[in-house]
Amino acid sequence: MFEYKFIEVPLKQGFKAKKGDHFEKCKNIINEEAKNGWRLKQIVIPPADSNGMYYPYCYQVVFEKEIG
């Protein structure tokens with residue numbers, strides 16, 4: 001059996017967003033969680049449901065860890 005953990009990485013929009021910022025943030029999270037025994041399962045880019053169009057607002061980084 002596995003346990004799952006979801007970490008949301010918000011996407012910066014506009015002039016303050018720099019190329020590669022989100023990738024670096026994801027890499028740091030993955031490395032930190034790996035030190036705690038979590039294994040990367042998947043990265044999901046969910047659409048914002050409110051406006052009816054595909055507009056990503058974050059990355060969902062999914063980890064798993066075996067229980068017992």
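The legends below describe close-up views of a predicted model.

View 1. The three strands are arranged in the order 1-3-2 with antiparallel pairing, and the edge positions are taken by strand 1 (2-10) and strand 2 (39-44), each of which pairs on one side only. Neighbouring strands of this sheet are turned by 25° against each other on average, direction ignored. Strand 1 is joined to strand 3 (residues 58-66), which runs antiparallel to it, by nine bridges; glutamate 3, for example, has lysine 65 in strand 3 as its bridge partner.

View 2. Among the five salt bridges of the structure is that of lysine 5 with glutamate 33, whose closest N and O atoms are 2.8 Å apart. Because lysine 5 belongs to strand 1 and glutamate 33 to helix 1 (residues 21-35), the pair ties together parts that are 28 residues apart in sequence. Lysine 5 is partly exposed, at 28% relative accessible area, whereas glutamate 33 counts as buried, at 11%.

View 3. The side chains of glutamate 32 and lysine 35 meet at 3.3 Å, N to O, and the two residues, three apart in helix 1, are separated by about one helical turn. Glutamate 32 is partly exposed, with a relative accessible area of 44%, while lysine 35, at 64%, is exposed.

View 4. Lysine 41 is partly exposed, at 48% relative accessible area, and glutamate 64 is buried, at 4%.

Note on methods: Residues are numbered from 1 along each chain as its sequence is written. This is a predicted model: local features need pLDDT of at least 70, side-chain atom pairs count only at pLDDT 80 or more; totals for chains, interfaces and linings use all residues. Side-chain values use heavy atoms; hydrogens and water are left out. Two strands pair if DSSP finds at least two bridges between them. Helices (H or I, at least four residues) and strands (E, at least two) are DSSP runs, numbered from the N terminus. Axes are lines fitted to C-alpha atoms, for helices over the stretch in contact, and angles run from 0 to 180 degrees between N-to-C directions. A salt bridge is a side-chain nitrogen of Lys or Arg within 4 Å of a carboxyl oxygen of Asp or Glu. Buried means under 20% relative accessible area, exposed over 50%, partly exposed in between (1.4 Å probe, protein chains only).
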